[in-house]
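Thanks for coming. I will start with the whole chain and then turn to one residue.

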Amino acid sequence: MDRERRTAGAGPQDELTARLRQLQELSGLGVRALARDAGLSSSSLSRYLAGQTPPPWPAVVALCKLVGRDPRPLRPLWELGAANPLPAPPKAVRQVQPKPRNDLPRDVPDFTGRESQLASVLAAVDSHRGVAVDGMAGVGKTCLAVHAAHRLAAAYPDAQLYVDLHGFTEGRDPLDPDSALRMLLGALGVPSERVPQEGLEQLAACWRAELADRRALLVVDNAADAEQVRPLLPGAGDSVVLITSRNRLLGLDEVPPVSLDVLSPEESAELLARASGDPGGPEGRLAREPESAAEVLRLCGHLPLALRLAAARLRHRPGWTVGILVERLAEGVSEFDTAFAMSVRQLDRARARLLRMLGLLPGGSFDAYAAAALADVPVRAAREMLEDLVDAHLVQQPTAGRYRLHDLVHQHARGACAQEDSPAERERALGRFLDYFVHAAAAADAAMPVLSPGRPPAAGRPPAELPRFADKHAACAWLVSEYETMIAVFETAVAVGADAHVCELPHFLRAYFARRCGTTHLNHLFERSLAAAERLGDPLRLAEAYSDLGFARYNAGRPAEADAAYEEAGLRLARAGDTRSEAELALRRGFLSWDRGNAEEPLELFRLAGKLYEQAGLPAGAAHSAASEAWALLQLGDREEAARRAREVLEVSHPDPAWPPTLTARITLGVAIAAEAPEEASEHLHRALALAREDGHVNNEAWSLNCLGVGLRRMGRYEEALASHREAFALLDALFEEHWKVRFLGAYAETCRLAGRPEEALRLHRQTLELAPGLGYRHEEALAHEGIAVLLDGTDPAAAAGHRAAARSLLEHPGAGAR
């Protein structure tokens with residue numbers, strides 16, 4: 001069960017470093033001032049506070065005296081740290097490193113001119129690690145920035161990122177720096193739990209810290225002003241940024257500007273010729289009609305975007321003369337509108353309608369399925385029409401199978417839709433678009449379930465065609481590619497009052513967020529989903545919204561709020577009478593009840609969930625419940641019954657070998673029989689670890705490693721057990737999963753005790769006592785008191801008795817557990 005995990009904490013040196021930082025906070029002084037008043041060098045003090053160098057004892061005394069604290073309580077910690085420094089992680093620890101990300105749009109094949117501007121961009125990047133390209137709409141800012149980025153990409157191998165700030169996107173508010181930073185941190189693979197929940201300054205600091213040790217390249221496109229960009233700038237390190245904006249970003253003094261004007265007549269003519277496929281020389285159309293060619297350049301305003309759109313008409317109309325192109329261009333009212341309107345008039349009715357419908361999109365990229373739903377056409381037809389629109393330079397294709405509209409094209413399409421399509425038709429198109437994403441998200445969720453089989457979506461009508469997902473990996477990849485659009489869809493549903501869609505879309509993103517540790521954002525979505533459910537007034541929707549919000553709170557380490565949400569869900573389910581939802585709520589309450597220190601109640605809830613799932617005809621849900629029951633029995637010390645229930649779960653067939661009930665059952669069985677059947681236990685535990693790694697679920701991998709440590713310890717293989725525990729909490733350290741760490745500490749501490757490391761065991765138990773009360777994990781808190789009592793029995797019987805009393809007050813029936 002991937003909800004129950006344990007890890008261990010930092011070593012004596014790290015704990016001493018934390019105490020020194022507390023002394024600095026008490027002083028209220030900066031490093032230099034503190035060093036001066038304490039009689040230390042500032043460079044040495046910096047190393048002490050960073051944990052890079054152990055401080056000499058006189059330095060600790062000097063710092064304590066400066067803030068009026070007794071240094072004697074720190075002496076044992078200082079001596080322990082000096083004698084037993086934290087061992088380096090074993091080489092076998094698999095570091096959690098995201099794969100290099102490349103989000104750069106495709107470089108245009110007909111890039112023309114701009115030699116001096118390109119040289120200025122590259123020089124600015126070299127000297128200042130950044131550049132801001134500004135100019136009017138359609139002048140080629142993005143084209144230049146992307147071209148330069150492709151030239152630079154090899155020198156910045158850790159990531160090549162692209163973000164559109166939508167500073168001038170028609171019908172869409174500019175992307176705020178907070179959201180942009182969260183997207184960029186996600187693109188770097190930074191887990192959500194390591195990202196600050198609130199505060200732009202904290203987010204920007206996190207972003208700069210992540211870039212400090214990377215050579216990354218960032219293209220920030222379509223910025224509204226300097227304030228929108230400033231938090232996104234890299235700090236110390238070698239990363240670089242290329243910014244584009246229609247405004248000069250005068251507030252960014254540290255980023256040199258490169259301003260673009262229209263192309264010169266010579267460059268414009270070259271671009272028109274290359275983009276239109278003109279062969280050049282006297283036989284070319286442009287050479288035969290020089291006056292008409294010059295007029296095309298004038299009507300296009302020497303703007304690269306307008307020139308490419310006009311050139312596309314010539315390329316796809318071999319029978320046209322340049323004079324005919326001039327006539328078409330002259331019918332427009334401006335360079336942009338002329339080019340767009342002319343291009344649209346060359347489309348047949350279906351393609352022109354699709355382009356207008358695409359103007360309703362909230363922005364970002366999309367695929368053929370979304371376009372088909374929007375226009376109410378088959379996917380195959382939508383794909384063919386999109387490819388034609390790509391050829392006409394009215395739609396861009398940043399990657400295979402993904403499309404987007406340039407801001408100016410989007411603006412034109414949106415205006416044309418408002419003029420030519422009735423309000424009713426626009427409303428129906430937007431409704432189909434929202435329906436599509438709810439049902440597509442539901443299909444992806446069904447391919448990667450977390451708790452129990454999902455309920456089919458009730459919002460809107462199912463589209464004619466949906467993407468097919470071969471497995472959970474394909475579903476997760478689709479959700480990654482659609483994430484930005486999915487959030488825009490959610491915001492659109494909120495804006496238009498589509499409360500049913502607002503209720504359901506987050507529900508089908510639970511498995512995705514669970515795999516990506518995205519509890520922070522999921523909590524935010526479910527808060528708004530709950531508000532929509534309250535407006536709808538449907539008891540079942542409201543009950544499920546409360547239940548989902550409670551589970552999001554639980555996974556974020558907020559048990560009191562989770563309990564309150566579950567209570568509200570239970571009250572409404574009593575009236576709604578839905579067996580499936582009652583079963584899921586019982587299972588979720590069992591997880592929470594165990595963490596809050598109850599012993600028998602979780603078993604009752606897991607068994608109740610299993611009965612309800614069976615009544616609802618959902619054997620997969622019943623298997624989840626049985627696996628949870630087996631794990632709880634193991635924690636209570638009933639290893640024989642736990643093993644029996646785990647074997648029953650393993651008899652349930654499922655196409656996914658890493659299916660959560662199977663993984664939980666293998667781990668439970670392996671730990672339960674480790675002493676009596678070590679070979680079989682080792683096989684189950686190592687198989688669970690391999691499955692978690694193949695699945696790419698890092699939290700499950702850490703849990704499997706920790707339980708492997710428990711199993712190895714029960715086999716008497718203490719050094720191997722310690723190595724497994726260390727690898728487990730190294731993974732969680734990399735994820736900054738503080739609220740999961742508390743579940744790993746007890747098992748690691750018990751292994752340390754039996755391996756003859758009582759001081760380390762005592763430190764881990766005390767770390768549990770620091771974390772568990774704030775999280776409400778009474779069971780782990782009680783086990784820590786029991787562990788400390790065992791360690792103190794021979795040296796301090798009175799203190800041991802006090803800890804046992806504390807354990808009894810926390811748990812009515814404490815169990816030995818899988819420790």
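A helix here is a DSSP run of H or I with at least four residues, and a strand is a run of E with at least two. Counted that way, the protein chain has 39 helices and 8 strands. Keep in mind that this is a predicted model.

Next, the overall dimensions. Along the principal axes, the C-alpha atoms of the protein chain fill a box of roughly 105 × 75 × 45 Å. A compact globule of 819 residues would have a radius of gyration near 28 Å, and the protein chain has 31 Å, so the two agree.

Of the 819 residues in the protein chain, 57% are buried. The accessible surface comes to about 33,800 Å², and carbon and sulfur atoms account for 51% of that surface. If we take contacts between residues at least 6 apart in sequence, 69% of them join residues at least 24 apart.

On charge, the protein chain has 93 positive and 112 negative charges, and their mean positions are 2 Å apart.

Where is Arg285 placed? Arg285 is in helix H12, which covers residues 285–288. Which side chain of opposite charge is nearest to Arg285? That is Asp278, at 4.9 Å. A salt bridge needs a side-chain nitrogen within 4 Å of a carboxyl oxygen, and Arg285, although buried, has none.

Leaving aside residues up to four places away in sequence, Arg285 touches Asp278, Leu314, Arg315, Arg317, Pro318, Trp320 and Val322. Asp278 is thus on the contact list of Arg285, but without a salt bridge.

Methods: Residues are numbered from 1 along each chain as its sequence is written. This is a predicted model: local features need pLDDT of at least 70, side-chain atom pairs count only at pLDDT 80 or more; totals for chains, interfaces and linings use all residues. Side-chain values use heavy atoms; hydrogens and water are left out. Buried means under 20% relative accessible area, exposed over 50%, partly exposed in between (1.4 Å probe, protein chains only). Lys and Arg count as positive and Asp and Glu as negative; His and the chain ends are not counted. Contact means heavy atoms within 4.5 Å. The radius of gyration is taken over C-alpha atoms; the globule rule is 2.2 Å times the number of residues to the power 0.38. Accessible areas come from the Shrake-Rupley method with a 1.4 Å probe; for residues, only the protein chains shown count as cover. The place of a charge is taken as NZ of Lys, CZ of Arg, CG of Asp or CD of Glu.
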